[in-house]
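Please look at the sequence and structure before reading on.

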Amino acid sequence: MAEIIGLVLPFFGLILIGYVACKLAHQPAEALGWLNFFIVYISLPALFFKLVSRTPIHELTRIDFIVASLLATYAIFAVVFAIGWFIRRNSIADCTIQALAGAYGNIGYMGPGLALLAFGEKAAVPVALIFCFENAVHFMVAPAMMAVAGGDDRPRGRVAIDVVKRIAYHPFIIATVIGIAAAAIAFEPPTAVQRLIDYLAQAAAPCALFAMGVTLALRPLKRVPPEIGYIVPIKLLLHPVLAYVVLSLAGDFEPLWVYTAVLLASLPTATNVFVIGQQYGVWQERASATILITTVLSVLTVSALLYAITNGLLPADLFPQA
């Protein structure tokens, strides 16, 4: 247990430091702009490039792993959407944001730092694959569902072009694609350039977690939405369980890849869910509350998962071959 505390305390401690700093300093929200720019456009892309470019190219083409991960995530999306639509009688737009809150984990800011801290640099490849493909699908699903709901009245062609641009121009995805190309030709940057990339990559996790804490503090909890009652356990408990089952059924993956995927599935709701809700004027305040509550509770659930993994309580394959 002491090992797990030593692992998660610095990680979640950085989020807490950002939260407390924001409450004490009373800086305007705009003050976070340049730090977010550094994280999204410079530091995290450097981390993805560094780790992916050092990976054997055959490990970067595991379509079976990508499909299994997406299947688990969008099964969760479908479950939450169905609850909102059939049981709570919410609108398609509300159900879409609720479903994203249940399926879209914080795999960008929290995923790389925690996975690398827990499992080492070999976890970089499954993290990069999950991030790139899940985000690409999220970027397609959100505007498509909002178009169906009538919340996006732009011409369909313009919506499609915007989706393609968001995917093609996302800095994490660009960095991963460049990293794959570098791995394919065994490219090694000059020493000075590699050292710069290393410095930038090392800053990724601390800066991202601090910024996340500040972001949570800027969106105080005003009310607890009733949907929290089922979205929180689905996101923090059912999602990682389903990912574990699907990956066990789908194929013979490396234990590290299975554990990394399950860990990413266990992460709290991504801040991007609030951004998407704000973009369409749908479920904004409740999305913010979901992010805050899942983040706080994930201290316990993620710690429990890591304890089960590191102590051999969770086998790498639920259905081992005879």
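Q: Is Cys207 buried, partly exposed or exposed?
A: The model is a predicted one. Buried requires a relative accessible area under 20%, and exposed requires over 50%. Cys207 has 22% relative accessibility, so the class is partly exposed.

Q: Is Cys95 buried or exposed?
A: The cut-off for buried is under 20% relative accessible area. Cys95 has a relative accessible area of 0%, so Cys95 is buried.

Q: How many disulfides are there?
A: A disulfide needs two cysteine sulfur atoms within 2.5 Å. For Cys207, the nearest cysteine sulfur belongs to Cys22 and is 16 Å away, and Cys207 is in no disulfide. The count of disulfides by this rule is zero.

Q: Is Ser303 buried or exposed?
A: Ser303 is part of helix H13, which covers residues 284–310. Leaving aside neighbours within four places in sequence, Ser303 has contacts with Ile4, Val8 and Ser298. Its relative accessibility is 15% and the cut-off is under 20%, so Ser303 is buried.

Q: Which residue has its backbone oxygen 2.5 Å from a polar atom of the Ser303 side chain?
A: A polar contact needs N or O atoms within 3.5 Å. A polar atom of the Ser303 side chain lies 2.5 Å from the backbone oxygen of Val299.

Q: Which helix gives the largest share of the lining of the largest pocket?
A: The largest pocket holds about 800 Å³ of space. Its lining has 33 residues, with Val40, Tyr109, Thr271, Asn272 and Val275 nearest the centre. Elements that give two or more residues to this lining are helices H2 (33–53), H6 (124–149), H8 (171–184), H9 (191–218) and H12 (272–280). The largest share, five residues, comes from H2.

Q: How many charged residues are in the lining of the largest pocket?
A: Asp, Glu, Lys and Arg count as charged. By class, the lining of the largest pocket has 19 nonpolar residues and 11 polar ones, and the number of charged residues is three.

Q: Which elements give two or more residues to the lining of the second largest pocket?
A: The second largest pocket holds about 270 Å³ of space. It is lined by 14 residues, and Thr55, Glu59, Lys122, Val125 and Trp257 are the closest to its centre. The elements that give two or more residues to this lining are H6 and helix H11 (255–265).

Q: How many charged residues line the second largest pocket?
A: By class, this lining has six nonpolar and two polar residues. The number of charged residues in the lining of the second largest pocket is six.

Definitions and conventions:
Residues are numbered from 1 along each chain as its sequence is written. This is a predicted model: local features need pLDDT of at least 70, side-chain atom pairs count only at pLDDT 80 or more; totals for chains, interfaces and linings use all residues. Side-chain values use heavy atoms; hydrogens and water are left out. Buried means under 20% relative accessible area, exposed over 50%, partly exposed in between (1.4 Å probe, protein chains only). Helices (H or I, at least four residues) and strands (E, at least two) are DSSP runs, numbered from the N terminus. A polar contact is a pair of N or O atoms within 3.5 Å; within protein, one must be able to donate a hydrogen and the other to accept it, and residues adjacent in sequence count only if both atoms are side-chain atoms. Contact means heavy atoms within 4.5 Å. On a 1 Å grid over the protein atoms alone, a cavity is a set of points where a 1.4 Å probe fits but cannot get out, and a pocket is an open set with protein on both sides within 12 Å along at least five of seven lines; lining residues have an atom within 4 Å of a point. Grid points are joined across faces, edges and corners, and a volume is the space filled by probe spheres set on the points.
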